[in-house]
Amino acid sequence: MDINRQNGTLSVTGLRELNSANAHSFRSAVATALSHDLQAIEIDLSQTQTVDGAGLGALVSLYETATAHRDPDGLRLRLTNPSPPVQQMIELARLHHLFEIAPQAGSLEGTRPQ
Amino acid sequence: MKAILPLFIFIDACGWEIIKDDAFCNTMAPNRRRLDSVFGYSSACVPSILSGRWPEAHRNWCYFVYDPKHSPFRFLKPYAWLPKAITSRRIVRRWLSKLVKVQLKFRGYFDLYNIPFKHISLFDFTEKKSPLRPRGMNCGANIFDFLEESEIAYHVSNPARSETENLDAMLQELKAGRIDFGFVYWPDLDGLLHREGNQSPDISPKLRGYEARLRQLLDAAQEQYAEVRLYVFSDHGMANCDTLLDLKRSIDQLPLRMGQDYVVVYDSTMARFWFFNERARRLLTERLRETPDGAIVPDAELERLHCLFPDRYFGELIFLLREGVLLVPSHMGERPIRAMHGYHPEEKHSYAALLTNQPNLPDDVTAIPDIYRLMVRDALLARDRNGSQGESEWRCGRRVSPNRGTPELAGASSARLGVPGIECERL
């Protein structure tokens, strides 16, 4: 997993799984990189094969941490390019209400949180 | 000590109009909001809350539907010879309902209500499973499926137990700090309001009693959890019924025969029709248009309310009464009842309520299916922050191994749950 920061956007890439095996390390690593001047967090799920409850929990937890003490509208949180099974998990957990779901990394198209 | 406990308290019929001028829960859950309900009865509202979807998607709407091919009640047809004076008695009906429920292995709420034995084999019953259990929906997943698939330890009330028994069971779970999600269901206010109406002097004491129980739950939870996210909510309100309408007599006067020209289910506040010929459709439609105190619900309105079923499984025509009017007699009861719900969701007493100790309730939580979203969000957060992964977990008071779903779900792809169009009952 790689975490890069550029122009106010924190990008997470190379995430092969997001489950009980790595959920805590994922959340800790991204949370450590958070700062108040961030404008966007973009998590690339293009390589993510599996997501389970622990992984979804880490995403929600990250959302809470990132938006704590600030206006959620001032921070864009995007999950990009999820595979269909991963997207179904995201929809089942209604995370599309918290995160913007973008079909491709870098694309501005996609669903805004509803 | 664990970090977070989401605690969801469902008080049936504790609608917005019931609590809006009452200080109910003001100290424990000061942030309150009026919520849109779902068109239909508890049979529609409860599954909508528990699944986050609307009746058009989960297909739990009204209990009885015309479906003679799949009717499980054919064995009751011989009882048609019994005199109505006996079969319409509530005590007889309740006793028979219990027998039928056992015989047919129904797992949800079941009541024969006032469906005549002469016609009961025309109908199927649509809530054979309990929505308060995993795999309890007619179509798709509910919150308990999600919790099980996500391996989140939870406790949910057993509707077969009393309110106090369910309170005690939840208190035990909280004191043990075993769970990461709690769901309590209290139905007694609904019964009180049905019997005595929405101005009953017994309402305030009932609410004070609920407050005392909530305080017990909060105190117990705060011993084991650093943060308790409390949500108190309802499915609908309750309207007093001051006008009675005998629609059945009016319909029976038409030169049509029930079962041959048409079939109708008289719910308490609506009548649902199926037609077998154009003459029946025309005559019944004309009669309903002449009927005061109600109106045929247009398809566009049903669609707006997310209750339009393209296969017309729940009825080809829906006639709905205005608030405060009750069908008597109906297939739900032979005699009047003081108050009822199941009117248009935009009628004054239909609105539900949500009260919480969370200061930042999302703006887009506006209707009761949105409560599901709060449940999932907070359950996932509790799973993450409580760090219960890899440990043995408790669900419904029984210990299970981690990384294993319920037997029914074993092997099922969690990604399939809740996806429209899959894993549906025949409905």
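**Notebook: core and chain contact**

I looked up B:Ile9 and found that B:Ile9 touches B:Val184, B:Leu214, B:Tyr231 and B:Val232, leaving out residues up to four places away in sequence. Touching, or contact, means C-beta atoms, placed from the backbone, within 7 Å.

I noted that this is a predicted model, where local features need pLDDT of at least 70, side-chain atom pairs count only at pLDDT 80 or more, and totals for chains, interfaces and linings use all residues. Residues are numbered from 1 along each chain as its sequence is written, while chains are lettered from A and ligands numbered from 1 in the order in which they are written.

Next, the core. I found 148 residues in the largest nonpolar core, where B:Ile9, B:Val232 and B:Ala353 touch the most other members. Such a core is a set of buried Ala, Val, Leu, Ile, Met, Phe, Trp, Tyr and Cys residues joined through C-beta atoms within 7 Å. Buried means 20 or more other C-beta atoms within 10 Å of a residue's own.

Then the chain contact. I read 20 residues from chain A and 23 residues from chain B. On the side of chain A that touches chain B, H2(A) gives the most, with 8 residues. Helices are DSSP runs (H or I, at least four residues), numbered from the N terminus.

Last, one helix pair. I saw helix H2 (residues 53-67) of chain A pack with H13(B) at about 100°, with axes 7 Å apart. Axes are lines fitted to C-alpha atoms over the stretch in contact, and angles run from 0 to 180 degrees between N-to-C directions. H2(A) is therefore roughly perpendicular to H13(B) (65 to 115 degrees).

Notes:
Buried ≥ 20, exposed ≤ 12 C-beta atoms within 10 Å, placed from the backbone. Contact = placed C-beta atoms within 7 Å. Helix = DSSP H or I, 4+ residues; strand = E, 2+ residues; numbered from the N terminus. Parallel < 35°, antiparallel > 145°, perpendicular 65-115°, else oblique.
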